[in-house]
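Trainee: I would like to learn how to read strands and a nonpolar core from coordinates. Where do we begin?

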Amino acid sequence: MTNANAEIPSPPAHYREPLTIGTHTLVSRFNLAPLAGYTNLPFRLSIREIGGVGLCTTDLVNARAILESLKKTHELLAQDPAERPLFVQIFGSKPHEMAGAAQWLVERKLADGIDINMGCPVRKVVAVGGGSSMMCDTTGATVDLVRKVVESVPVPVTVKMRLGWDDDHLTAPHFAREFEKAGVAAVTIHGRTREQGFAGGVNHDGIKRVVEAVDKMPVFGNGDVRNVADAMKMITDTGCHGIAIGRGALADPWIFRQLANWVNTGDPGPRGTYAERIAFMRLHLRRLVAWRGTENRGCVHFRKVATWYTKALRFPKKVQQRLVMLLSLEEFEEIIAPFADGVPEGWTEWDTQQAHVAVPAGPISHW
Ligand SMILES: Cc1cc2nc3c(=O)[nH]c(=O)nc-3n(C[C@H](O)[C@H](O)[C@H](O)COP(=O)(O)O)c2cc1C
């Protein structure tokens, strides 16, 4: 992580060349990595408006639940015509369900592409051979499942995975190579193993091995990128064709615009100002309310993200305590009114690097 005075590295020239995934030419090589519970319609739409995002993907959705048209999936699949291209991430262990869900989505024009999750750690999914356990099966079943999805839809299919189950089983290079042969359009690699969870550093060398294993298929490096210097290091160390950013986007929704500016001009340009951050938070809340259908449900959802806003904006503890119990839009306006016209003494845009984004604990701690 760098500080405000760190030198901005020169961008890699080839990052200015457009990158294509299937039929979609991306506006930048910086994608939003899915974060279940966070990267829903309200957040995606809001960061798209800031600009610079290449591709967004929905949170992960259960293939079977899609086919059964469960109510929960409707919210997860909610989208806006302004956010194109949009890929839908699905998970499951049964090839016919995965292929069926992909077809269902494409027929209804809900997905410009399908992203297959191979990182899901939920025990009941892993126990039946789905999610990250798919990375253990090098006998052919995993590749067959992916091929079946590819063959069942006319849109590009991508895969998101970790490096492997553990350090002794770094299967990502093998799978990336096989997926490319099966017609997969791109892969995103979180440079940790499932066993690592979110601990330890990101293994850039592991991502590099995936890049080297494929022929032409784009590989997106992923993990711990929070600013231009981190992005540059990811690109230099791994040779990745693009980068997916998750927590860094929650902490700093301006990161995509900055990275795109940096690539195009060498200068990342401004981060979000204090006033822009307040406006973004308000917009996010209003969209959460619209998306969840009632003011109360939207406010309850907002409580989950209130902490990262309060840290980034340096709100006093008391304000944070109120925001994490938020009940209405009116209350929100009353709480933030004292901060509307001023910037707290000593605040810098770099404070957002301190924004706290909780990683999943318990059975979903190993995305
Ligand atoms: C709260 C949270 C939820 C996540 N949900 C998903 C998900 O639904 N699908 C997925 O493929 N990865 C998921 N991930 C993993 C991220 O996409 C990403 O690989 C990981 O956070 C590392 O990237 P980052 O350091 O840029 O956040 C999740 C991570 C977090 C912290």
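Mentor: We begin with strand β8, residues 186–193, in this predicted model.

Trainee: How many residues of strand β8 are buried?

Mentor: The test counts neighbours: a residue is buried if 20 or more other C-beta atoms lie within 10 Å of its own. In strand β8, 8 of the 8 residues are buried, so the strand is largely enclosed by the rest of the structure.

Trainee: Which strand is joined to β8 by 6 bridges?

Mentor: Strand β7 (residues 157–164), and the two run parallel. Within this pairing, V159 has V187 of β8 as its bridge partner. From β7 the chain passes through helix α7 (residues 172–182) to reach β8, in a right-handed β-α-β crossover.

Trainee: What joins β8 to strand β9?

Mentor: There are 4 bridges between β8 and β9 (residues 219–222), again a parallel pair. T188 stands opposite F220 in β9.

Trainee: Which residues touch the most other members of the largest nonpolar core?

Mentor: In soluble globular proteins, nonpolar side chains tend to be buried together. Here the largest such core has 94 residues, and I90, I114, V149 and V187 touch the most other members. Helix α13 (residues 295–312) gives the most to this core, 7 residues. Domain 1 (13–271) and domain 2 (274–354) each supply at least three residues to this core.

Trainee: What is I90 in contact with, leaving aside neighbours within four places in sequence?

Mentor: The contacts of I90 are V61, A63, I66, M98, A101, A102, I114, I116 and N117.

Terms used:
Residues numbered from 1 in each chain as written. Predicted model: local features only at pLDDT ≥ 70, side-chain atom pairs only at ≥ 80, totals over all residues. Core = buried A, V, L, I, M, F, W, Y, C linked by C-beta atoms within 7 Å. Buried ≥ 20, exposed ≤ 12 C-beta atoms within 10 Å, placed from the backbone. Domains from an automatic or database assignment. Contact = placed C-beta atoms within 7 Å. Pairing = 2+ DSSP bridges. Right-handed = clockwise from strand over helix to strand, strands pointing away.
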